[in-house]
Amino acid sequence: MSTAHPSPRGGVTVGTLSELPPLEAGAVIYLRHWFSGSETRDQMRRDFEVNFGPEMADAAFEAFGTLCNFCATHGRRPLVRHGMTCKCLGADENCFANLLACAAEGQQDDAQILASLIVTPRKASELTQLASDCGLLMQQIMAPRPPLQPARPATATLH
């Protein structure tokens, strides 16, 4: 087992970003941005503002940050992520994206199961609620039009 990734199974490639619907692809891309440092977080915030306007951008940024921080604080283990420019989709990233989508679509039972894969069972309901709040907001701001390519280098295309 590698010391860089305490749980390498979470990083196993299960697909590509281009196979995901916009909400799920955005969730993975923003997850990578959130945990890659303050510079990429600032870039993410600017992208939100450009795409969604300042009010919605602030709400979405805060909700997404709360969701990510909750996963980091209460996670069963750290979420394994692929690199910022990687086209692959990792198992943990897929779980996170599907949690957000299920919760936003009101599929609470599925969302609860996915949440229990990320955090301890005691915290799964709370994570499901945070994912629902964040997912609904993300759906709302993505509904009028899909987001522009959020802070992605030209080499990391979705299609």
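**Exercise 1: A salt bridge**

The side chains of R77 and D92 meet in a salt bridge, with 2.6 Å from N to O; a salt bridge is a side-chain nitrogen of Lys or Arg within 4 Å of a carboxyl oxygen of Asp or Glu. The model is a predicted one, in which local features need pLDDT of at least 70 and side-chain atom pairs count only at pLDDT 80 or more, while totals for chains, interfaces and linings use all residues. Residues are numbered from 1 along each chain as its sequence is written, and side-chain values use heavy atoms, with hydrogens and water left out.

Task: State which parts of the chain R77 and D92 tie together, and whether each residue is buried or partly exposed.

Solution. 
Step 1. R77 lies in the loop between α3 and β2 (88–90), and D92 lies in helix α4 (residues 91–104), so the pair ties together parts that are 15 residues apart in sequence. Helices (H or I, at least four residues) and strands (E, at least two) are DSSP runs, numbered from the N terminus.
Step 2. R77 has a relative accessible area of 26% and is therefore partly exposed. D92, at 9% relative accessibility, counts as buried. Buried means under 20% relative accessible area, exposed means over 50%, and partly exposed lies in between, for a 1.4 Å probe and protein chains only.

**Exercise 2: The whole chain**

Task: Describe the order of helices and strands along the protein chain, and state what share of its residues is buried.

Solution. 
Step 1. The secondary structure of the protein chain comes to 6 helices and 2 strands.
Step 2. Along the sequence, these elements follow the pattern β-α-α-α-β-α-α-α.
Step 3. The protein chain has 159 residues, of which 47% count as buried.
Step 4. Among contacts in the protein chain with a separation of 6 or more, 72% are accounted for by residues 24 or more positions apart. Contact means heavy atoms within 4.5 Å.

**Exercise 3: Helices α1 and α2**

Task: Determine how the axes of helix α1 and α2 cross and which residues make the contact.

Solution. 
Step 1. Two packed helices are described by the angle between their axes and the distance between the axes. Axes are lines fitted to C-alpha atoms, for helices over the stretch in contact, and angles run from 0 to 180 degrees between N-to-C directions.
Step 2. The axes of helix α1 (residues 22–34) and α2 come within 7 Å and cross at roughly 140 degrees.
Step 3. α1 and α2 are therefore oblique to each other: angles under 35 degrees count as roughly parallel, over 145 as roughly antiparallel, 65 to 115 as roughly perpendicular, and the rest as oblique.
Step 4. Y30, H33 and W34 of α1 meet T40, R41, Q43, M44 and F48 of α2 in this contact.
Step 5. The residues of the contact of α1 with α2 divide into 4 nonpolar, 3 polar and 1 charged. Ala, Val, Leu, Ile, Met, Phe, Trp, Tyr, Cys and Pro count as nonpolar, Asp, Glu, Lys and Arg as charged, and the others, Gly among them, as polar.

**Exercise 4: Helices α2 and α3**

Task: Describe the crossing of α2 and α3, and the salt bridges that link R45, D58 and E62.

Solution. 
Step 1. Helix α2 (residues 38–52) and helix α3 (residues 54–74) have axes that come within 7 Å and cross at roughly 140 degrees. α2 and α3 are therefore oblique to each other.
Step 2. The contact includes R41, M44, R45 and F48 of α2, with D58, F61, E62 and F64 among the residues of α3. Its residues divide into 9 nonpolar, no polar and 5 charged.
Step 3. D58 forms a salt bridge with R45, the closest N and O atoms being 2.9 Å apart. D58 lies in helix α3 and R45 in helix α2, so this pair ties together parts that are 13 residues apart in sequence.
Step 4. E62 also forms a salt bridge with R45, its closest N and O atoms being 3.2 Å apart.
Step 5. At 24% relative accessibility, R45 counts as partly exposed; D58 is partly exposed at 35%, and E62 is partly exposed at 46%.

**Exercise 5: The surroundings of F64**

Task: Is F64 buried or exposed, and which residues does F64 touch?

Solution. 
Step 1. F64 lies in helix α3 and, at 0% relative accessibility, counts as buried.
Step 2. Not counting residues up to four places away in sequence, F64 touches A27, Y30, L31, W34, M44, F96, L100 and C134.
Step 3. F64 and W34 are 30 residues apart along the chain, and their C-alpha atoms are separated by 8.6 Å.
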